[in-house]
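Okay, thanks everyone, let's get going.

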Amino acid sequence: MRIALKEKMGKRMKLTKLPQEFEQAIPVLQRIEAAGFDAYFVGGSVRDTILGQPIHDVDIATSAFPAEIKELFPRTIDLGIEHGTVLVLWENEQYEITTFRTEEAYQDFRRPDKVAFVRSLAEDLKRRDFTINAFALKKDGEIIDLFDGLADLQQKILRAVGQPHERFHEDALRMMRGLRFVSQLGFALEPRTFEAIYDNHQLLAKISVERITIEFVKLLLGAHRNSALKAFVATECYLYCPGLKQAGEALLRMADLPERPLNNEASAWTLLIDQIGLSTAEVRPFLKQWKCSNELIRMVQSLFEGVLLRKAGPFSDEALYHLGSEAARLSEELMYYYGQEVDPSISQARYQALPIHSLKDLAINGRDLLSHFDQSGGPWMKEVLAAAEKAVIERRVANEEKALLAFAKTIVLNNP
């Protein structure tokens with residue numbers, strides 16, 4: 001873990017170089033400061049910069065109130081103005097700028113009943129979830145660390161800001177976020193933070209499935225998935241996730257698989273479903289509980305079928321044909337987790353060498369059958385085309401009109 005720090009000044013340290021994303025946003029901070037307000041970069045992008053990792057969203061916190069921000073910038077959108085957030089459109093970029101705030105009473109364990117705008121950075125940072133997310137970064141690279149987050153980064157510890165029970169009562173999703181950070185960063189939950197998650201895991205019942213799904217998928221895709229899955233079970237958070245109440249042992253089995261990161265969501269769900277031991281008929285209802293899209297569900301169903309086939313042996317040509325190129329490749333890649341040698345290029349080469357890749361590639365169609373045989377349309381046509389398709393895939397008949405019509409004739413004659 002590389003922490004790019006130059007000097008230590010009490011609890012303030014300085015970055016040697018800011019990433020380009022921050023450099024581009026400095027004029028925004030300068031405009032706010034020129035008007036007499038404070039402004040800082042905050043959030044996960046600061047943490048990732050300290051760790052030397054790529055950053056994504058650039059978030060800004062300020063002592064300026066929303067109306068004051070809107071006066072400073074000509075192009076703004078009221079993104080979440082009731083919570084103090086204004087989206088500022090600046091040149092070709094856009095930045096979420098949020099007023100320092102305090103929050104009171106979280107009766108639904110998700111959203112504060114009341115938000116109060118303040119001028120104090122310290123008051124704002126106190127409401128953050130974990131110490132490693134509670135940094136503020138000045139435009140000159142100076143890091144403000146009020147909760148010893150830098151020490152936790154060095155020691156790879158995930159610690160809640162202040163009282164962990166309070167943080168999780170404010171927003172119960174923070175428990176899943178914590179487990180997700182275990183997976184993404186390889187950090188360990190600090191004991192008091194772990195205990196607070198264990199004590200409050202039932203609060204996840206108050207959180208929407210959609211929000212839990214986002215965090216759980218990120219957990220499955222993290223580089224330290226196995227440690228996170230063990231913590232997921234140990235804290236009993238799994239009990240309040242769709243379809244997992246009886247899956248504790250299966251989740252631990254998954255945590256014993258090789259820890260190579262999964263590179264896509266469909267593969268992650270497929271591996272989980274196989275460990276749980278669902279049937280093919282149970283895949284769709286399970287993923288529907290997680291509010292997955294129909295497109296993702298179809299992909300997982302195909303991939304799960306591929307995994308079951310591939311675990312039994314090499315793909316047949318017919319299996320490759322029906323799976324398609326992507327599902328065949330991903331199924332092959334998942335065999336790594338079952339201790340098999342993996343070479344997706346072999347199945348890809350075999351797939352490309354198939355005589356046809358869809359029914360549209362077949363040299364005959366329904367119109368050809370109607371014109372060639374003295375019969376009216378009906379189910380027989382579908383049966384003949386399916387038989388011809390299979391014969392071509394298995395290379396028993398060439399994909400040529402004459403050969404296929406002769407083959408079709410044998411089917412028609414044998415099934416008058």
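So, Asp148 sits in the loop between strand E11 (142-145) and helix H5 (149-155). Keep in mind that this is a predicted model. The phi of Asp148 is near 60°, which is a positive value in a residue other than glycine.

Lys291 isn't a glycine, but it has a positive phi of about 65°. You'll find Lys291 in the loop between helix H13 (280-289) and helix H14 (294-312). With a relative accessible area of 52%, Lys291 is exposed, because the cut-off for exposed is over 50%.

The UniProt annotation, from an unreviewed entry, covers Gly44, Arg47, Arg128, Asp171, Arg174, Arg177 and Arg180. Of these residues, the lining of the largest pocket includes Gly44, Arg47, Arg128, Asp171, Arg174, Arg177 and Arg180.

Let me pick two of them. Gly44 is in helix H2 (residues 44-50), and at 25% relative accessibility it's partly exposed. Arg180 belongs to helix H7 (residues 173-185), and it's at 7% relative accessibility, so it counts as buried. What does Arg180 contact, leaving aside its neighbours within four places in sequence? That would be Glu215, Lys218 and Leu219.

The assignment gives domain 1 (1-155), domain 2 (163-261), domain 3 (281-354) and domain 4 (360-414). Taken over C-alpha atoms, the centres of domain 2 and domain 4 are 54 Å apart.

Key. Residues are numbered from 1 along each chain as its sequence is written. This is a predicted model: local features need pLDDT of at least 70, side-chain atom pairs count only at pLDDT 80 or more; totals for chains, interfaces and linings use all residues. Side-chain values use heavy atoms; hydrogens and water are left out. UniProt positions are given in the numbering used here, feature names are shortened, and annotations may be inferred rather than shown by experiment. On a 1 Å grid over the protein atoms alone, a cavity is a set of points where a 1.4 Å probe fits but cannot get out, and a pocket is an open set with protein on both sides within 12 Å along at least five of seven lines; lining residues have an atom within 4 Å of a point. Helices (H or I, at least four residues) and strands (E, at least two) are DSSP runs, numbered from the N terminus. Buried means under 20% relative accessible area, exposed over 50%, partly exposed in between (1.4 Å probe, protein chains only). Contact means heavy atoms within 4.5 Å. Domain bounds come from an automatic or database domain assignment.
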